[in-house]
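Have a look at the model first, then read on.

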Amino acid sequence: MFKTFQTYKLLFLRLIAIVIMIEIAIYFFKIDLLFTGVFGLFVVFLLIREMYFYVRNFVLLYDKTIASILQNDFTSDFSNHKFNTSYNDLFQLYDTLKNKQNEQVSKDIIYRSILNNIETGIIILQKQDSDWDIFLMNEYFSKQFNVPKVSKWKYLKNQLPSLCEIIEEDDFQEVKTSVEISINEQNKQTFVLQASRTEIFEKDYFIVLLDSIQNVVEKKEKDAWVNLMKVISHELLNSITPIRSICQNLQDLVEQDSLSAEDLEDVKNSVETMLRRSDHLQKFVEGYRKLAMLPSPKKEKIELQHLIDNGIQVMNPLFKEKGIEVVKGIGFKSSINVDAQQIEQVLINLLTNCIHALKDIPQKQILISAEAKDNRTFIRITDNGRGIEKEIEDKIFLPFFTTRNEGAGIGLTLSKNIIEAHGGYISYKSEVGNTSFEICLVEN
């Protein structure tokens, strides 16, 4: 307040000085001192000119500062004027708002960085009149659905009509449901859709979250590991307990002075039992080790055709033995950035499953095809076997689940883990007389 009063006082003193000089000039004219009177008028002109520039600079500086504040432009430099105490309040206001904006920008960058690193698709819409603008779209949403970061709802609707139509059907109100979305006209994937609407400072916002069912299942699988440890403990005890009992029995036998034929037969049977249980335990632990200690992929560029040929070559002896015809439908050349050894293992696992699915089928055939679209490579392995039973469709990727007596139940689980470690996914489609597994690899 006092600083503002100081400004008005300086302006008032200038006016008084001008009035006094005018009176002095008139006085000199009255006493016929013409040259002195003219000089007085010249001084009045200089005072008026100085006051004009003082007021002009004052108003211009205020206008420039206020305009910068209103336009959120805090790049102006007022350091040349800071020596003038008349502007202290103005510059203090400017610096305060500048610091607040810098703080808000920093928070905005941090929040966006957090949202961009969350493995959940997020879009935030802001209502403008009767239309919706896209206020924010995180990186995961853009990459997962292969859509550019558009600014208008109508543009997003052209890219993802299946998602947008569900939201529009509920009139942009709160919704929680599952939705099947086809990406680039490929197989549909299921996502959990959660949407909510909120109003902040008279602005209407609509927040959409999309979680892949696959990711949701993986979160549930973490709980399943507890149950898995129970399975492992049970399996270990089932082998260790009889082995320990047999060892005690053998110890009692060897402590005898002599062994009868019946005792020797007991020793023989005991050793065979221990070997059998040890082999079973070794296979079980080896299977668990493969799942638990999967190394990170060591990616390198490799020709897709060459990679598939390597997998087929490994399995060729079994194909010939079982009378299986293998048909390749790859009509293009493409290189992919993968861990060749791991992807080859996936192909071998899937082809092994095909062999078992073709058991008792007269005309056995496996079709291997591939497709490259946008930044994705799709590899499909299809057999004309008996298919996957409906009752076990949701269990085929679970660790240690198998329908074969000689199976370990880790082939598909290991394959799924390998593909996901590459940033892709594996899916399947099973019908009577036709089962197809599809590998999707995303080029980063």
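**Salt bridges and a helix**

Arg-380 makes a salt bridge with Glu-371, and their closest N and O atoms sit 3.2 Å apart. A salt bridge here is a side-chain nitrogen of Lys or Arg within 4 Å of a carboxyl oxygen of Asp or Glu. Keep in mind that this is a predicted model: local features need pLDDT of at least 70, side-chain atom pairs count only at pLDDT 80 or more, and totals for chains, interfaces and linings use all residues. Residues are numbered from 1 along each chain as its sequence is written, and side-chain values use heavy atoms, with hydrogens and water left out.

**Charged pairs**

- Searching the whole structure turns up 11 salt bridges.
- Glu-371 is partly exposed at 28% relative accessible area (buried is under 20%, exposed over 50%, partly exposed in between, with a 1.4 Å probe and protein chains only).
- Lys-416 pairs with Glu-420 in another salt bridge, closest N and O atoms 3.2 Å apart.
- Lys-416 and Glu-420 are about one helical turn apart because they are four residues apart in helix 11 (residues 411-421); helices are DSSP runs of H or I, at least four residues, numbered from the N terminus.
- Shared partners also tie Glu-371, Arg-380 and Glu-438 into one salt-bridge network.
- Lys-416 counts as buried at 11%, while Glu-420 is partly exposed at 23%.

**Helix 10**

- Buried residues of helix 10 include Ile-343, Val-346 and Leu-350.
- Asp-339 caps the N-terminal end of helix 10, with a side-chain oxygen 3.2 Å from the backbone nitrogen of Gln-341.

Note on methods. Helix = DSSP H or I, 4+ residues; strand = E, 2+ residues; numbered from the N terminus. Polar contact = N/O pair within 3.5 Å; in protein donor to acceptor, adjacent residues only side chain to side chain.
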